[in-house]
Number of protein chains: 12
Amino acid sequence: MDDNVYKIVELTGSSKSGIEDAIQTAITRAGKTLRNIRWFEVLETRGHVENGKVAHYQVSLKVGFTVED
Amino acid sequence: MDDNVYKIVELTGSSKSGIEDAIQTAITRAGKTLRNIRWFEVLETRGHVENGKVAHYQVSLKVGFTVED
Amino acid sequence: MDDNVYKIVELTGSSKSGIEDAIQTAITRAGKTLRNIRWFEVLETRGHVENGKVAHYQVSLKVGFTVED
Amino acid sequence: MDDNVYKIVELTGSSKSGIEDAIQTAITRAGKTLRNIRWFEVLETRGHVENGKVAHYQVSLKVGFTVED
Amino acid sequence: MDDNVYKIVELTGSSKSGIEDAIQTAITRAGKTLRNIRWFEVLETRGHVENGKVAHYQVSLKVGFTVED
Amino acid sequence: MDDNVYKIVELTGSSKSGIEDAIQTAITRAGKTLRNIRWFEVLETRGHVENGKVAHYQVSLKVGFTVED
Amino acid sequence: MDDNVYKIVELTGSSKSGIEDAIQTAITRAGKTLRNIRWFEVLETRGHVENGKVAHYQVSLKVGFTVED
Amino acid sequence: MDDNVYKIVELTGSSKSGIEDAIQTAITRAGKTLRNIRWFEVLETRGHVENGKVAHYQVSLKVGFTVED
Amino acid sequence: MDDNVYKIVELTGSSKSGIEDAIQTAITRAGKTLRNIRWFEVLETRGHVENGKVAHYQVSLKVGFTVED
Amino acid sequence: MDDNVYKIVELTGSSKSGIEDAIQTAITRAGKTLRNIRWFEVLETRGHVENGKVAHYQVSLKVGFTVED
Amino acid sequence: MDDNVYKIVELTGSSKSGIEDAIQTAITRAGKTLRNIRWFEVLETRGHVENGKVAHYQVSLKVGFTVED
Amino acid sequence: MDDNVYKIVELTGSSKSGIEDAIQTAITRAGKTLRNIRWFEVLETRGHVENGKVAHYQVSLKVGFTVED
């Protein structure tokens, strides 16, 4: 975190395999349109259950990226 | 909430007639530029008062939409 | 709120028509198994959007009822 | 919100008919002693239940008014 | 989240192996008495330490299930 | 807090004599139907006033108990 | 909590002897100018320490009273 | 903070020049009707923007004053 | 805040000289792509330290702007 | 609170007899290594239950002390 | 959690491989100077992103340890 | 924030001249015993009032520093 201006967006990613993978899924998708993603912060961890098993994890993130001049 | 990636934006809508109408106003306006809005969450309900009457309600929302590949 | 012991449960009700109706829906359903419901508190107001319209409201409540001896 | 000084008071209004009416009830009563009410913010929405029906809604508000010199 | 009524219960599960496993442990146990579990939300992640190692993770969840008529 | 699954319920107890007694009142009542209560956490301390005196204290608790297999 | 309008004020009371006494001190003082105090809610419990002993407790309260027409 | 009873009021002050000046503006105005103001706490810092510049800062405060017998 | 629809974005600005300057930095940068910025709200104030001195302040803001039809 | 620098530490004290005693227990222990403790703030009140009785109270505190030059 | 006095410290650990490993990293480091660590609580999960990948996770913890007499 | 372990301490600094100076005061004092301070986060901004003027500002901070091996 140096002296740039950051913009922050909120995203929810999901994954069948776990929390870290849901985070990476959201960041990978965000990277298609946003350059210069620098950090994330987890806001909420949720998930869906089917037949008594966690079917997928959903992780909501704030994602920060530098705004170029 | 299936296994898509969601993006979340924050909006404030207003209405003279009530809280539900202020929610719909924000979502209608968002729909002009965002396809695939799926859900909303109320963050804050406020309003303006004129001459001792509620002049309009203002409802702040998080609005989630699926990001297409 | 007199000197009884209260138990609190959390419920989410939904309605196509509005927030108050979603509250009543949750309380009506809870009343099938719980006697002596006395009060509620809104925790969260959310909803689903279909084709740019609010399809239904979802209101999460704490519901308090007296526990009889 | 221009460059006045605002004072904020907290009130709870109630209504048998709905949330918006409970808000207006609180503001109408406040207007008997406070001039220049400008805005409100909902803090909490609660209510009482009798015989499985919402008997009345109670809405707690912050109400802001300008302080005159 | 369609137009059902949901009931929400709070549980704490634990696991020696990790956070996802502690979540699944709580949901598996809840499934013995609750049918129709649909989603969970993580409230708190804690754990115990023995001899400088994480001995087990404890994850507190809200778990939502549909209430059948 | 070992590696059991805990279930958490929310209760409000009251007492004319003080906060600790209101806590014990809630736990005593809960113990009539719940075995294995292990801990509590205070969520909120409130009370009623009559004629300028605290008439009774009301303490809201989360109460955790182990779920047996 | 019936269908009156309540006004809420915030007070901090203190006591050398304990938390309940600090609550009563605040309510007694408030009762000199406010009629119809009905309830309180504890916001914060703090205190001062002198020579390693709690010198007095300070309890911040919201106090609600009915507004008469 | 000695063993007095404090009353707390909430105010919003504004200033074109900065945050500290907005705080002082609110306290100066409060001092016209309240004697014995002792402390403040910042609740929220907001502001208005005109033509891409901060036009004024708005700072919401809790202000505590001793209540005399 | 009249009856427009607002969109809210989150930004972090930084400055070597102080908090107000960090706010202005974020708003100036946002103004390059967003017309009609109307208000901001401070979410968080942080900073970096180098050699025992504050090297720069970082202020996170919500910034609201009107959405034109 | 004059113009000193304070350092704040977090502690949990416990007591079989009540909340005030748990606070004093934590402060007494802290006083063995910290001089100049000035104030405390209660963060959380919890406890353990054995055989349907509160076995002991656990109170988490922030404790502030002046840092000497 | 028996009747000891606990002290709580706040730490941030990081790891390239995942959240659990970042927790263990912080606890291992804390164990070099603190004996008797008993529990942790996750406060915040963040991370850095480089080239569209999570470069490392950062987990902030409260860590509690018993204070010996 | 690279892959070090950080320890976080909480401090309150004060200043007659303003918020930034109170922050620097706390960090300067902390730097006498802590090497490697890297960042701070403002938790709370308060102050004392004397004769209707802000007598000094008090800013509570979390201060993070790297722990060396």
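## Strands across the interface

Trp39(A) stands opposite His48(K), a residue of E2(K). The two strands involved are E2 of chain A (residues 37-50) and E2(K); they run antiparallel and are joined by three bridges. For orientation, strands (E, at least two residues) and helices (H or I, at least four) are DSSP runs numbered from the N terminus, and two strands pair if DSSP finds at least two bridges between them.

## About the model

This is a predicted model, in which local features need pLDDT of at least 70 and side-chain atom pairs count only at pLDDT 80 or more, while totals for chains, interfaces and linings use all residues. Residues are numbered from 1 along each chain as its sequence is written, chains are lettered from A in the order in which they are written, and side-chain values use heavy atoms, without hydrogens or water.

## Size of the contact

Chain K brings 13 residues into contact with 13 residues of chain A, where contact means heavy atoms within 4.5 Å. About 1100 Å² is buried between these chains, 56% of it from carbon and sulfur atoms; buried area is the accessible area (1.4 Å probe) that two parts lose on being put together, summed over both.

## Charged partners

Here you will find one salt bridge between chain K and chain A (a side-chain nitrogen of Lys or Arg within 4 Å of a carboxyl oxygen of Asp or Glu). Arg46(K) forms this bridge with Glu41(A), with the closest N and O atoms 3.2 Å apart.

On chain K, the elements giving two or more residues to the side that touches chain A are helix H1 (19-30), strand E2 (37-50) and strand E3 (53-66). E2(K) supplies the largest share, six residues.
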